[in-house]
Amino acid sequence: MTTGVTVSVPAKVNVQLAVGPLRPDGFHDLANVFFAVGLHDRVTAAPAETLRITCSGPGAELVPLDEGNLAARAAALLAARHGHPPAVHLHIDKDIPVAGGMAGGSADAAGALLACDALWGTGADREELLGLAAELGSDVPFSLLGGAALGRGRGERLTPLPVAGRFHWVFALADGGLSTPEVYRECDRLRGGEPAASRVPEPAPAPALLAALAGGDPAALAAAIAASGNDLQPAALSLRPALRRTLDAGLAAGALAGIVSGSGPTCAFLVKDTAAGHTLAQVLEASGTCRAARATTGPAPGAHIV
Ligand code: ATP
């Protein structure tokens, strides 16, 4: 592709994911502490006669290339709102694991919004883009925003959070994905099904976790992750028991904390610095408990044109 606009957009890990009661509409209220990290997809928008999607990178064969692709839906939504023909070639270069609990599809939707807006000159401001993003999915606004943020509602009502310094992470990538709706269903089942799943407490962010982010303190963040963590983790482990071995391998090798990322199956490990990250990534790859391991840092900026 010779002409076009390319947007880089980060993956996320949920350093806390508190899942509230099952609502009558089938969704859950969340207290979701999003944290953007340095694994990126690149979305390139180029002129075309019709809406067309291509995809490259690991797991590309699992990504739908029709209107089921979240990036295609994003382009169509922006076009419809501005009376623009939905004609664009979107190329997605994936580095975020597909169905990995790191919001890869949401990242591509955010990337497509920004790239199409620039290509078409629709001139949508930040507020409009965030509104469109929320229509597309609860993780899409955060992919635009980046950094760290508290998500309430289904995760889409965002408040940016202060973070001091950088935190170092290692991600253990798994073979195959987990379906997010299936993981929520398993969470409700483990809570005793209806009506018990509708009676769990309202979700709330952990003050110690927010303080650890603001203070740039990895040991305090690790303790807060161990205390409040990810309410979807028991469900992800129930559906994929082998993830227990991945988490144990990372913790045994010295990670400060280990957590399933979002709905899984990617596992996220907090480490103290870059050197510890590289060592842990090597140990995890050698352990045979994951497909690959990647060391990176955050917070990363949200979707931006490169
Ligand atoms: P989340 O963390 O937001 O729950 P995820 O990271 O677990 O999501 P995704 O990578 O977003 O999962 O993919 C979930 C499903 O969405 C995939 O199995 C795929 O069928 C579909 N999908 C639609 N568009 C995309 C896209 N652009 N990239 C990846 N998957 C997509």
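User: How much area is buried between domain 1 and domain 2, and what does buried area stand for?

Analyst: Buried area is the accessible area (1.4 Å probe) that two parts lose on being put together, summed over both. In this predicted model, about 2,900 Å² is buried between domain 1 and domain 2, with carbon and sulfur atoms giving 62% of that area. The bounds, 5-161 for domain 1 and 167-298 for domain 2, come from an automatic or database domain assignment.

User: How many residues of each domain are in contact?

Analyst: Contact means heavy atoms within 4.5 Å. Here 31 residues of domain 1 touch 42 residues of domain 2.

User: Which residues form the salt bridge between the domains?

Analyst: A salt bridge needs a side-chain nitrogen of Lys or Arg within 4 Å of a carboxyl oxygen of Asp or Glu. The count between domain 1 and domain 2 is one. Asp95 pairs with Arg294, and their closest N and O atoms are 2.8 Å apart.

User: Which elements give residues to the side of domain 1 that touches domain 2?

Analyst: Strands are DSSP runs (E, at least two residues), numbered from the N terminus. Those giving two or more residues to that side are β1 (5-22), β2 (28-46) and β5 (148-152). The largest share, 11 residues, comes from β1.

User: What should I keep in mind about the numbers?

Analyst: Residues are numbered from 1 along each chain as its sequence is written, and side-chain values use heavy atoms, leaving out hydrogens and water. Local features need pLDDT of at least 70 and side-chain atom pairs count only at pLDDT 80 or more, while totals for chains, interfaces and linings use all residues.

How values were computed: Helix = DSSP H or I, 4+ residues; strand = E, 2+ residues; numbered from the N terminus.
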